[in-house]
Amino acid sequence: MGKKKIIALLGSPVRGGNTAYLFNKAVEGAEEEGCEVERVMVPYLNFQPCMEILHCMDHEDCRMQDDVTPFYRKFREMDGLIIATPIMTMGIPGKLKSFMDRFQVYYMAKYMRKEPFISKERRKQRKTLFISISGMNLPDNFDGALQTTKTFCEIIDCPYWEGIFQRDMDHVRDIRTRPEIVAAAYEKGRELCRIVGEK
């Protein structure tokens with residue numbers, strides 16, 4: 001039996017930033033537990049946002065061929081997903097949100113044609129870990145991003161499992177001064193690897 005596969009999406013363009021640090025810790029945990037992880041720096045992918053061509057209403061693919069295209073197949077094959085993102089304008093930053101929107105291909109298959117790409121049995125084996133940080137210290141900092149992420153997870157049949165959140169980063173500045181959050185990212189990455197793909 002091959003290694004369990006996890007795809008990890010980084011929504012921040014800052015490769016050495018706080019979000020990337022937590023992202024790498026979660027990936028490190030998953031890899032050390034034995035999973036194969038594909039890191040995806042979403043801001044550096046070359047693709048257009050969904051243009052509502054609606055080709056996917058009747059087809060299993062998107063008419064637009066770009067860097068998103070290979071992920072339609074990869075998302076069928078993965079066992080788990082990690083999404084790490086900062087909050088921007090109280091939500092998911094643009095490039096990551098556009099990546100999610102391009103999965104109308106999955107939406108149309110599941111909800112319009114009633115032919116989901118992921119079976120109910122396979123869905124039970126898949127889970128998503130969400131990691132997010134926010135500059136501001138407000139009680140509803142993560143509400144918009146969390147709702148978007150949970151909806152995305154339902155569309156791709158990789159259900160939301162756990163979240164790791166750190167607000168007030170404008171004052172915290174360096175996530176390494178919050179060792180409990182760093183440790184949580186690593187441990188949840190390990191746990192995700194352990195529990196996905198199981199019958």
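Q: What makes strand 4, helix 6 and strand 5 a right-handed β-α-β unit?
A: In this predicted model, the path goes from strand 4 over helix 6 (residues 143-155) to strand 5. Look with the strands pointing away from you: a clockwise path counts as right-handed, so that's the label this unit gets. Strands 4 and 5 run parallel, joined by 6 bridges, and L129 stands opposite E162 in strand 5.

Q: How do you know that strand 3 and strand 4 pair?
A: Pairing takes at least two bridges, and strand 3 (residues 80-86) has 7 of them with strand 4, in the parallel sense. I83 stands opposite F130 in strand 4.

Q: Why is the link of C35 and C193 called a disulfide?
A: The cut-off is within 2.5 Å, and these sulfur atoms sit 2.2 Å apart, so the pair qualifies. With 100 degrees about the S-S bond, the link is right-handed. C35 is in the loop between helix 1 and strand 2, while C193 is in helix 8, so the bond ties together parts 158 residues apart in sequence.

Q: What about C153 and C158?
A: Here the sulfurs are 6.2 Å apart, again too far for a bond. C153 is buried, at 0%.

Conventions. Residues numbered from 1 in each chain as written. Predicted model: local features only at pLDDT ≥ 70, side-chain atom pairs only at ≥ 80, totals over all residues. Heavy atoms only, no water. Helix = DSSP H or I, 4+ residues; strand = E, 2+ residues; numbered from the N terminus. Buried < 20%, exposed > 50% of the residue type's maximum accessible area, 1.4 Å probe, protein only.
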